[in-house]
Amino acid sequence: MRHLKRRELLLLPLMTAAALSLTAAFLLRFEFALQPTQRRLLLLGLCLFVPLKGMAFSGFRLHRSWWRVVGLFDLMRVGLANLAGSAAACLVCSIAIGPAFPRSIYIMDALICFLLSAGLQFSVRWYNEVLRPGAAESNRQNQILIYGAG
């Protein structure tokens with residue numbers, strides 16, 4: 001068995017965000033009251049959405065970036081990865097499940113998954129720059145001014 005690296009384990013929070021976003025989309029769509037048929041659709045959707053979005057996240061290498069220094073370029077990559085993953089999930093789900101799967105779920109899931117996955121990455125930077133004890137003092141100590149470099 002191949003040994004998993006730390007960076008490969010960073011796919012787990014992203015895939016958890018994908019599962020939570022689909023669950024939240026279903027709960028919002030059906031006003032927090034899922035009938036047995038809707039639960040079945042949710043479970044089928046989870047079996048399709050989570051691996052497909054995981055492949056999209058892996059393809060866009062969201063788990064390989066340094067989450068401590070994310071920026072706008074990374075936010076764009078998160079958006080594109082979510083768009084690709086949601087489009088693939090929509091296509092496969094419409095073929096495998098058909099019209100029984102509500103179309104509004106696709107859009108709500110894409111938006112919620114984008115917010116969760118971007119929030120995951122930016123929360124690490126926010127913690128390191130704002131919430132970490134001693135972050136303000138270390139920022140003041142590292143500030144220097146170079147004058148007359150010519």
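This is a predicted model: local features need pLDDT of at least 70, side-chain atom pairs count only at pLDDT 80 or more; totals for chains, interfaces and linings use all residues.
Local features need pLDDT of at least 70 and side-chain atom pairs count only at pLDDT 80 or more, whereas totals for chains, interfaces and linings use all residues. Residues are numbered from 1 along each chain as its sequence is written, and side-chain values use heavy atoms, with hydrogens and water left out.

**View 1. Helix H2 and its buried residues.** Helices are DSSP runs of H or I with at least four residues, numbered from the N terminus. The buried residues of H2 (under 20% relative accessible area, with a 1.4 Å probe and protein chains only) are Leu11, Leu14, Ala17, Ala18, Ser21, Leu22, Ala25 and Phe26. Seen down the axis of H2, these buried residues fall within an arc of 170 degrees, so they line one face of the helix; the arc is that of the directions from the helix axis to the C-beta atoms. An α-helix has 3.6 residues a turn, so residues three or four places apart point the same way. The cover over the buried residues of H2 includes helices H1 (6–9), H3 (36–59) and H5 (103–131). After H2 comes Glu31, which has a positive phi near 55 degrees.

**View 2. The crossing of H3 and H4.** The axes of H3 and H4 (residues 72–96) come within 8 Å and cross at roughly 145 degrees. Axes are lines fitted to C-alpha atoms over the stretch in contact, and angles run from 0 to 180 degrees between N-to-C directions. Residues in contact (heavy atoms within 4.5 Å) include Leu48, Phe49 and Leu52 of H3 and Ala81, Ala84 and Gly85 of H4. By class, this contact has 12 nonpolar, three polar and one charged residues.

**View 3. The crossing of H4 and H5.** The axes of H4 and H5 come within 9 Å and cross at roughly 145 degrees. Among the residues that make the contact are Asp74, Leu75 and Val78 of H4, together with Tyr106, Asp109 and Phe114 of H5.

**View 4. Gly148 in the segment after helix H6.** Helix H6 spans residues 135–141. Gly148 is exposed, with a relative accessible area of 65%, because exposed means over 50%. The C-alpha atoms of Gly148 and Arg7 are separated by 42 Å, and the two residues lie 141 residues apart along the chain.

Definitions and conventions: Helices (H or I, at least four residues) and strands (E, at least two) are DSSP runs, numbered from the N terminus. Ala, Val, Leu, Ile, Met, Phe, Trp, Tyr, Cys and Pro count as nonpolar, Asp, Glu, Lys and Arg as charged, and the others, Gly among them, as polar.
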